[in-house]
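Good morning, colleagues. Please look at the sequence and the structure on the screen while I take you through a few details.

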Amino acid sequence: MSHELRTPLNAILGFTQLMTRDASLNTSQQEHLGIVGRSGEHLLDLINDILTMSKIEAGLIMLNENSFDLYWLLDSLEEMLRLRAESKGLQLTFEIDRAVPQYINSDQSKLRQVLINLLGNAIKFTKVGSVTLRVSGNNSQEPIAIHFEVEDTGAGIAPEELTNIFHAFTQSQSHQSKEGTGLGLPISKKFVELMGGRLTVKSVV
């Protein structure tokens, strides 16, 4: 199913990108190609999320633990997301407690995806102000517990909606968006639990 869905879509996206380089296209044609490209990227994200969710539900998602440089991972995420935040006039801040070890043993890919989901949501749904990631560690227990906290100055989520935002295909009423699949948070929650952690939310409208 993964191959059957992705192969034709990748062809569509590939030829769309090639066509955008054609200098003979007029402005209207460029805009139409842009719509095709953005729609294709959105569809690819949706397919990837659905396939990931189905793997999780089938118990096929496994941890791929390895030792990696957490500081490098956070630096690369900050660099990647800074332009997106600045384009909206938002201040992006990463606060890392130096008690947090530089090298940790975990699933780097899943941790990266969770942080991109949470920070990406924060940037997407915040119109004015800031997005902050705080990373702190607790060295008094073994294995070491690392706490990641994402805070933003967005519209907030109503108390009655907080229990539903981790359900598949659900978006907060205050966050209704044509972007996204409503699967980012459920996938993130499953990944965090797979890594032995908990994902919680606090919000004020």
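Predicted model: local features only at pLDDT ≥ 70, side-chain atom pairs only at ≥ 80, totals over all residues.

Residues are numbered from 1 along each chain as its sequence is written, and side-chain values use heavy atoms, with hydrogens and water left out.

The mean pLDDT of the protein is 88, and 92% of its residues reach 70 or more; pLDDT is the predictor's confidence in each residue, from 0 to 100. Helices (H or I, at least four residues) and strands (E, at least two) are DSSP runs, numbered from the N terminus.

Let us turn to helix α1. In α1, Leu9, Leu13 and Thr16 are buried, meaning under 20% relative accessible area, with exposed meaning over 50% and partly exposed in between (1.4 Å probe, protein chains only). These three cover an arc of only 60 degrees around the axis, so they sit on the same side of α1; the arc is that of the directions from the helix axis to the C-beta atoms. The face turned away from the buried side of α1 carries the exposed residues His3, Glu4 and Phe15. What covers the buried residues of α1 includes α2.

Finally, which residues does Thr126 touch? Thr126 lies in the loop between α4 (108-124) and β4 (130-138), and counts as buried because its relative accessibility is 0%. Not counting residues up to four places away in sequence, Thr126 touches Lys88, Leu90, Val131, Asp152, Thr153 and Gly154, where contact means heavy atoms within 4.5 Å.
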